[in-house]
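Subject: Structure handover

Hello,

I am passing on the structure below.

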Amino acid sequence: DLDINPALPGRQDYTQAPIAGDPDSDVTFDGVLYTGIFDGNGHIIKNLTVHGAYYCGLFGVIHSGSEIKNLGVQDVNVTGTRYYVGGLVGRKSYGCISNCYSTGNVHGSQNNVGGLTGYNNSDSIFNCFSTAIVSGDDYVGGLVGYNKADIYNCYSTGLVEGNMSAGGLVGKNDSGTIQNCFARGFVTVSDYYAGGLVGWNDNDGQITSCYSTG
């Protein structure tokens, strides 16, 4: 297990994701794409603190061939002033996340904010959960902010607050598949599209065997 509390000697408050962050803070992303396999082997990383712009989390952007598994990030404090903010991953363009979880606080000033990952574009997230408190502007979810892929056997329990499209599990499900999942967190929006499980289900998004008690 690793404790990367910025108050400890030799630690830092990161201004971008420690792994595959975007050095230019450019929404088009000019940084490194993570394409490897990261196996946490059941360990945890505690007290990750990131105050950046785009692609904030432990991982900034993960891409084709990537796999993150068997890892917990506890008591994160992740803040992004722009897009793609998550406790574990800012943007999952491709790749798989399994047997992972996040706790703590995740905040994005704009769009695509999630307790585990801000954006889920392809491949799958399974056997994961988040208890993080999540807040943002648009596409805000307890687990995933914006989903276009498969999510199954997952749950979230944290408070979710947004301006638009906020959900206990997923902020917006755009043609993705959500199966065997649940959410228990309280959800509130200041404008429109709020849901205990999903804020906005669009483009034939599939939701099966799920529930919400928030």
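The notes below cover the cores, the strand pairing, one histidine and the salt bridges.

This is a predicted model, in which local features need pLDDT of at least 70, side-chain atom pairs count only at pLDDT 80 or more, and totals for chains, interfaces and linings use all residues. Residues are numbered from 1 along each chain as its sequence is written, and side-chain values use heavy atoms, with hydrogens and water left out.

Cores

The largest nonpolar core has 43 residues. A nonpolar core here is a set of buried Ala, Val, Leu, Ile, Met, Phe, Trp, Tyr and Cys residues joined through side-chain atoms within 4.5 Å. Buried stands for under 20% relative accessible area, exposed for over 50%, and partly exposed for what lies in between (1.4 Å probe, protein chains only). Leu88, Ile97 and Ile151 have the most contacts inside this core. Two or more residues each come from β4 (59-62), β5 (67-80), β8 (96-108) and β18 (160-167); β5 gives the largest share, five residues. Helices (H or I, at least four residues) and strands (E, at least two) are DSSP runs, numbered from the N terminus.

Leu88 touches, among others, Phe59, Ile68, Leu71, Ile97 and Leu116, leaving aside residues up to four places away in sequence. Contact means heavy atoms within 4.5 Å. Another core, of eight residues, lies apart and includes Tyr54, Val61, Tyr139 and Tyr146.

Strand pairing

Strands count as paired if DSSP finds at least two bridges between them. β15 (residues 144-147) runs parallel to β10 (residues 117-120), with three bridges joining them, and Thr117 stands opposite Val144. Three bridges also join β15 to β19 (residues 170-174), again in parallel; there Asn147 stands opposite Asn173.

His43

His43 is found in β2 (residues 37-46) and is partly exposed, at 40% relative accessible area. Not counting residues up to four places away in sequence, His43 touches Asp1, Asn70, Leu71 and Gly72.

Salt bridges

There are two salt bridges in the structure, each defined by a side-chain nitrogen of Lys or Arg within 4 Å of a carboxyl oxygen of Asp or Glu. Glu67 pairs with Lys69, the closest N and O atoms being 3.7 Å apart. Glu67 is partly exposed at 24%, and Lys69 is partly exposed at 22%. Lys172 pairs with Asp202, with the closest N and O atoms 3.7 Å apart. Lys172 lies in β19 and Asp202 in β23 (residues 198-202), so this pair ties together parts 30 residues apart in sequence. Lys172 is buried, at 6% relative accessibility.

Regards
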